Each structure stands twice: as C-alpha cells, then as structure tokens.
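I opened my notebook to look up a few contacts, one at a time. Here is what I wrote down as I went.

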Number of protein chains: 2
Amino acid sequence: MFEDAELGHTVAKDDYAKRNAELRQALLAAQYELKGNPKFPVIVLIGGVEGGGRGETVNALTSWMDPRHIEVNGIGEPSDEERERPRLWRFWRALPRSGKIGIFFGSWYTWPIVNSVMEEKQPHWSRLEARINEVNRFERMLADEGALILKFWFHLSKKAQRKRLKELKKDPKTRWRVTTRDEAYFKRYDRFREVSERVLRDTSHAHAPWIVVEGTDWRYRELAVAGELLDALRHRLATPHAPSAVPATPDPSPGVDTERTVLSELDLTQKLSRKAYDQALERWQGKLALLTRHKRFRKHSVVVVFEGNDAAGKGGAIRRLATAVDSRMMRIHAVAAPTDEERAHPYLWRFWRNLPRRGQMAVFDRSWYGRVLVERVEGFCSMWDWQRAYGEINDFEEEMAGHGIVVIKFWLAISKAEQLRRFKEREAIPFKQFKITDEDWRNRKKWSQYSDAVCDMVSHTSTTHAPWTLIEANNKYHARIRVLQTVHDSIVRALE
Amino acid sequence: MFEDAELGHTVAKDDYAKRNAELRQALLAAQYELKGNPKFPVIVLIGGVEGGGRGETVNALTSWMDPRHIEVNGIGEPSDEERERPRLWRFWRALPRSGKIGIFFGSWYTWPIVNSVMEEKQPHWSRLEARINEVNRFERMLADEGALILKFWFHLSKKAQRKRLKELKKDPKTRWRVTTRDEAYFKRYDRFREVSERVLRDTSHAHAPWIVVEGTDWRYRELAVAGELLDALRHRLATPHAPSAVPATPDPSPGVDTERTVLSELDLTQKLSRKAYDQALERWQGKLALLTRHKRFRKHSVVVVFEGNDAAGKGGAIRRLATAVDSRMMRIHAVAAPTDEERAHPYLWRFWRNLPRRGQMAVFDRSWYGRVLVERVEGFCSMWDWQRAYGEINDFEEEMAGHGIVVIKFWLAISKAEQLRRFKEREAIPFKQFKITDEDWRNRKKWSQYSDAVCDMVSHTSTTHAPWTLIEANNKYHARIRVLQTVHDSIVRALE
C-alpha cells in the first residue's frame, strides 16, 4: 500500500507556483460554495509517520482557505474531562457542523495505532481489530449522516525517515522538534508499518478512503492533499447525496399477533395507595441519596432515559428522582425539536455532548429514541434512517456501557383511556393547561403506529448492557416508586 | 432483544387458514415476478435455538412457493472439499443466482455461535468479534452487489425450550429428534442467549436485518416468516435498487507527479540472452517441480494472478510455469467477459468457485482485478462499484491468506512502443493473428487511463499477505524467469 509513496515524488518550484495559485483560488471558491449552502460537514483526517509533514500540510491548508471556516483539532493525550467519558466522546465534541471543514491532526486512529506499536511484545491484533471495528461503524454512521470524509496518510520510507530525523537534528532551529518519542518510534519503524498497513487496509472504504501521500517533498504533499480535497469537494457539491439506500424490508419485525405485545402484556391496574406511596417514596429516595454519595459511585456515571406516552407522568417521575440526588450531581436534559446547531450535526451529537462525567447522573426527558419513535411515525426521516438507527443506538449505548456508565431506560406506559382522562384534566385545570397542546391530540390519533414503533424499539434495542424497563404508569404512585427502585437496583448492580 | 419472542404468541386455527391462503397466493406471485425479471437474488438465513421450529418453517416455505426456484442449503459440518478452502467458500458456492431464493438453514453464523457457546470456559469474545467483523463485511458486499438479505432467528424462552424438548422426548415418533447435542445445548441456554444477543446486536443492519420470531406456535412462526418475506419481496420489487452511494472522492489517489509512478520506475531495458534464459529456465523449472512435490506443499495451496498490458506475454509466462508443475496439480483459468451464470452472482463469485484445494495451484489469466482495471476504465461499473472493490478484494485475499493459501500477483509491464511492435508482429504473422483484435487497438488508445488504474490498484491492494510483483516484460526471457523465481520463492517462504 506504500509502494507509490516511496518513489521519491517531487514537484518542481515553477510547477508548484503555478498549480498552487490555481488550487488556492479553486479551494476558496469550493469552500464558499460549501458554506453558502451547507448540506454536509467535511472531515479531514491527517495521520502518518513522524516527520512526514503532517503539521506543515495542515498549516498550508488553513492558510490557503478561509481559516474562519476550518477547525483544526490536535488530538494528544485525552484531558481529564475526556478521560471521564467514552472513548469517542472527544471526537464527537470536535465534529464540524455542516458547511464547515474539520481537520483532525491525529484522530480516532492515533491511539489504537500507537498502542499497538509501542506494546512490548507482539501487537495485540484482536484488540486492534476491536478498535478497527468501532472506527468502521463510527465512520459508516458519519457517512450515512452525510459527512464527507477524507483520510490522508503521510508516509516516509524507512530510509527517508532516517534522513529526515538526521536533518532536523542537525539544524539548531529544528533540533527541538525531534523528541525521544520520535526516536523510539523510529526504532519500531517496521512494526509501525505492519500495523498501519493493517489499519489502512481494513478501514479504507469508498465512503471514507485513505489516501497515502509521500511525505518527503513539501511541494508534492501540499499539492496532493489540496488537489484531492478540491476534487472531493467539487464532486460532492455537484452530486446530490443519496445516503438513503434501500432497507431489506419496510419493517424488520414479525408483525403477526399484534394484539399481544410487550405493551399489551403490562398489567396497568397495578397501583399504590397514597399512604404506601409516601412511605415507599421516603424509603427509596433515602436509599438513593445514600447510594449516590457512596465513594464507589464516583467511579461510575449514570444515564437515565425517560420515554413514554404523552401525559404518562415522565415529568413527575423525574422530579421524584431529582429530589433524591444532590442537584450538583445531576443534570436533566429536556429533549425537544433539535436546534439549528444540533441539526447541523449527526443526530446523536446532541446526546453525546451531554454524557456525564464520572460521579454524575444525566437524565434525558425524551432522548435519541426520538429517531425510531416520532421521527419514524411522523416521517421526519427516511425508512433507511430509522432502520439504521437501531444499530447506531446500540453502538452508542455499547460505548457507554463499555466505559462503565450505567444505562437505564424507561418506557412509561399508560392506557389510551387513561391518557384521555389526563388530557381532559389538563385542559380543565388552569395551571396544567400549558402541558396539553394540539400536537398531543394529533399524536393520540396515531396511537397504534406509536405502539408498533415502541415494540420494535424494545425488540431491537433492549440489550443486556442497556435493557429497557417498561413501567406501568396508569397509577402515578406505582410508576414513580418503580422508577426509583429500578434506578437504585441498577446502580447497586454496577457498584458490586 | 428477545422480549417480544417470549410472550407466548399464537395464531388461532381460523385466522391461520385465512391468512395462509392469502399469503401463499401473494408469495407465489412475488416469486414469479422475481423470476421473470431477475434483478437480484434473495438470501434467507434461518437460525436460532434447537426446537424453535426452523426446519418446519423452511419446509412450509418451500411447499408454499414454487420449490424449483428455491434452493435450501443445510449447513452442517464442512465436507473435506470445504475444509480445504477458506471459511466462506462453502457459502459462496451456495449463493443463489439473481431471480432465485436461497435459504440457508444454518449459515455463516452457525459455527461462530456454536464454538463460542460450547467452549469450556468463557466465550472467546475477541475471536467472536473477528468472525462478526468478517460476516458484516461479507453481507455488506452482498447487499452492495444487490442481494436482498433477510435473517430469521427462532427464539424460545428457557421455559419454552425445556417444555419443547420434553414433549419431543415423550412421543416415540419424535424422540429420535432430540440428540445428546441438543441436551448439551440446553444446559448452556444462558450462555447461548448471551452469545446470540451479542451476535444479533452487532450484525443486524437495515440492509440485512435480523427478525426475531417466537418459535413456540407453528402457525405463528410460519405466518411471521412468510409475511416478512412477502413484505420484503414486494418492497424490493417496487423500489429501484440504488446501491450506488456517492464515494467521497472521484479518485482516491494523490494524482500529483503522475510522471513518476510504480510503472515508470521499472527498468524495462532488463534482458536475458537466449542462452542464459535456457539455462535459467531449466534451473527454475526444476526447482519448482521439486518444490511442488515436497510433502509440506500438500498442506498449502497457491493462487497465481496474471495481469498485464495487452501483448505483455502473460500466456507465454503461464506456459513456462505450467511446464514446471504436474498438470494434475494445476488449473489455469482464462478469465474473459463473465457468462450469464456469472453475471447473475456477485462479481467475486466466479473466482471464489475456482479456489484450489490443498496441494493445488490455480493460475488466473486475468482475474478479479478486472473490476478496478477494464471495468473502471471502460465504465462497465459505477465509480462506487470499483472504489468499494479495493476493500472487497483485500477481504477476499485476506480470507485466502488466513487459510494458508499463497497469493502471488503479477503485473507484466511493457512499454507503449514495445506493445506497438508486438501488435504489428501479431498482425503480420498468420499463426499469431488470432491474438490481436480491434479491442486491443481500442485499449491502446486509453494507455494512460489504464496506467493510472494500475497504479491505483497497486496502491490499494498490494499488501503483506498478497503483494503485487511488477515484472519488467519488454524482454520475454527476463520476464518468464522472474515469474518462475517469484513463484518459487513465495512458496519457499510459505513452507518455512
């Protein structure tokens, strides 16, 4: 894969001057077209060997284009903030919005490769494969969400790298740039090459290709990267993006015996008296308060998702949970229609950004499941979009669970009759009127479509590491206590 | 993921009779529409727990539809023939052609799951992940090639499976069906559930979804599978297939300094005298003859790919190789335009089917690289198709290498002037006239496009386990000896 990048490519000074002038103008024009009609974000990854000219090329790109619309992300050691979140969090937070170009100088490839190269004995291939798998799923999702992804790998032959390091060390002005780490890397050149060939081979796709660039001549590498970026921008600006492949089936669920479902099997008559509720509330809130102050809790974080029928009592249940937990440890995210900022990113972005630090609890009042519920039923996204969401959501929650986050998901279920009663009550009582809108009545008309979507959602996303808990919520007291209990028990299991 | 499939779904006798009649008629109609205008193959996988009714459902499907256009593949232990090929070979050979329905009763999921469940200690998760990765790439390729893929998982709760095994054992007519292996599986029910949840979660995609079906009631499961198959067929017959997503860039290669390439760097003046050639030929043919008769050779197999410019001397080089090897051990595959049969399968199918058994050598005179050479240059496939081919080809060759196949790939390069000389010679000499056609002259006009395609091919598919060897072929003697030497040395390295 590196054959072409060891030929000693160079570009003559005159050729460079001419081509450079053309490229700058064309790149600026493309950048403005992208910005003026922002349909997609551009993600450019820069990787490769030490001394291959990665930094210089990034600087050239930003000086050629309008730097206000390019974000350069240097990815070094993760910060404390980042360490307390799942692996991909730091990359999610750095994703460019539509119309912008995000350059990752170092990326989600950096640490998997570095770790594999620097490990004492043989590279741990199966661990590397797990990372490759994770990265492939991540990039596939980004591409499906419309991102243009280009990945540049700056290569130097062993001989060229040796020469480069020597030159840098000779000149007092550049000597500082050669660190002991660079020397250590160079000693492992062969393994580095072996590992990176494997990674490049298994992560190069038509939707996110690696382009290997020889790093010896600065004129060559600048023209190579700028030219490729220009071609890709022009191609994509001229081609309508069609990420909507055809799913195999319009509805991946058996669809027979729709009378008996996970919802219909709930016993909605379960109730708790006011007195029993008061006692239980005090008990479980007390237990939760103690638990979340436990020293071992500081190593974990908790994500609680509340979904449910309109008027099922999500707000009330969340308030009872909030009372039990120190408010500095908890943040509640009420999820409504996405903002412009959020719409300019992949749909999971606004949830990733709100993942809690260690020792914290994040409560989502509605969540990423909107895509397979309201967006599916109301046709806000394509069939392809909501069907691929099941897998993307499972990946998201697997990232969380893998990081030690306790993921708790509630569906609060009420009967159609109970919903009607509550709607009418809300309309009648002045201080509750803000809680009922025309939209609630419209949604109610699609009761059975929403029920189907809920059952499919449970079938596809209830997993061992992030199970759904269906709560019978016709009786609010019963529902609230069940919620508190479940949160408590899930945390206890995690701390054990 | 199994919640819905543990509710005790049943279908009443009357409902079944009614729905069954409708479904049969509709399925037959859909099957004939598929057959009449065969644009895609249908791949149906049947998996799940023992006693979940997999066999009965397959029998029902074949009796409902026209069984002449359904192929049922039972996948048990691999045969000797299959064991001597890479893991996926047995599935490739069983793939249905366009217009047909192929049912896999047991599939590429069977052994990864069984092995993970039956291993003594903990399941080997990272090995399972590697298999999942392989399967995901395989199915993605099938879907990109146009296949409709549906995967049914028949589930029984632990209680239901216990009951089912008991019932089967009680009845003398069905007692034989419960094997000791079934009992062993049941003892590991919990682990089976854990492993299969993981597999289903990580391999369910919009383009190849898992549909989990409760296996207790035969009426329910038959209607569920038949209904889902019908929906999927109708959906796909009505929707134009658009697997052509937009690649990130029109050409994933630097594209600067096109004067200096892996081809231009070849020293085409290298030559061998007739006398030196005769001596070397005898020497290397002798060494190869000995080597391929070596007892250790029987554990390996060899795949040799010949690509090159028109008139570069592939045929002559192949003949010299053939002379050295026992003809019973070698098969030469001349690859021309695909036949109808081949066109009705994914493009790699015709190469997979010709992979050699152990101790055998398969020589391909032109190969799977046609997709990124002639098909790319002549526009026989879309930009998306040839770009995704790089990864698919790497996967293919990785399967081979992982199985111990020695993969040797030659590009025989001649200069444009030498080609002209040979073309004219062929036209002038009567017994060589069959070797020169109008197409050769047409291809020659696209010399530089073909050169670009060759360089890109080498950049993307020359890997440690399947490297390209570029052969300077202006002098035929030199080229032939280099070929023999390279084949010999590659085999020696593998046997070491």
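The entries below go from the chain contact to salt bridges and then to helix pairs.

**Entry 1: the model.** A reminder to myself before I start: this is a predicted model.

**Entry 2: chain A against chain B.** I began with the contact between the two chains. How many residues does each chain bring to the contact? I found 71 residues from chain A and 72 residues from chain B. Together the two chains bury about 5800 Å² between them, and 55% of that lies on carbon and sulfur atoms.

**Entry 3: charges across the contact.** Side chains of opposite charge can pair when their charged atoms come close. I noted down a salt bridge of Glu398(B) with Arg201(A), where the closest N and O atoms are 3.1 Å apart.

**Entry 4: salt bridges overall.** Over all chains, the structure holds 88 salt bridges. I picked out a pair in chain A: Arg164(A) forms a salt bridge with Glu56(A), with the closest N and O atoms 3.2 Å apart. Which parts of the chain does this pair link? Arg164(A) sits in helix H7 (residues 158-170) of chain A, while Glu56(A) belongs to helix H2 (residues 54-64) of chain A. The two residues are 108 residues apart, so I filed this under links between distant parts of the chain.

**Entry 5: H7 and H8 of chain B.** Next I turned to helix H7 (residues 158-170) of chain B and helix H8 (residues 180-187) of chain B, whose axes come within 11 Å and cross at roughly 160 degrees. Angles over 145 degrees count as roughly antiparallel, so H7(B) is roughly antiparallel to H8(B). The crossing is left-handed. From H7(B), I listed Lys158(B), Gln161(B), Arg162(B), Leu165(B) and Lys169(B); they meet Asp182(B), Glu183(B) and Phe186(B) in H8(B). I sorted the residues of this contact into two nonpolar, one polar and five charged.

**Entry 6: H6 and H9 of chain B.** My last pair was helix H6 (residues 125-144) of chain B with helix H9 (residues 189-203) of chain B, which pack at an angle of about 35 degrees with their axes 10 Å apart. Is the crossing left-handed or right-handed? H6(B) passes H9(B) in a right-handed crossing. Among the contact residues I noted Trp125(B), Leu128(B) and Ile132(B) of H6(B), along with Val195(B), Arg198(B) and Val199(B) of H9(B). The residues of this contact divide into five nonpolar, two polar and five charged.

Conventions. Residues are numbered from 1 along each chain as its sequence is written. Chains are lettered from A and ligands numbered from 1 in the order in which they are written. This is a predicted model: local features need pLDDT of at least 70, side-chain atom pairs count only at pLDDT 80 or more; totals for chains, interfaces and linings use all residues. Side-chain values use heavy atoms; hydrogens and water are left out. Axes are lines fitted to C-alpha atoms, for helices over the stretch in contact, and angles run from 0 to 180 degrees between N-to-C directions. Helices (H or I, at least four residues) and strands (E, at least two) are DSSP runs, numbered from the N terminus. Angles under 35 degrees count as roughly parallel, over 145 as roughly antiparallel, 65 to 115 as roughly perpendicular and the rest as oblique. A crossing is left-handed if the near helix is turned anticlockwise from the far one by less than a right angle, and right-handed if clockwise. Contact means heavy atoms within 4.5 Å. Ala, Val, Leu, Ile, Met, Phe, Trp, Tyr, Cys and Pro count as nonpolar, Asp, Glu, Lys and Arg as charged, and the others, Gly among them, as polar. Buried area is the accessible area (1.4 Å probe) that two parts lose on being put together, summed over both. A salt bridge is a side-chain nitrogen of Lys or Arg within 4 Å of a carboxyl oxygen of Asp or Glu.
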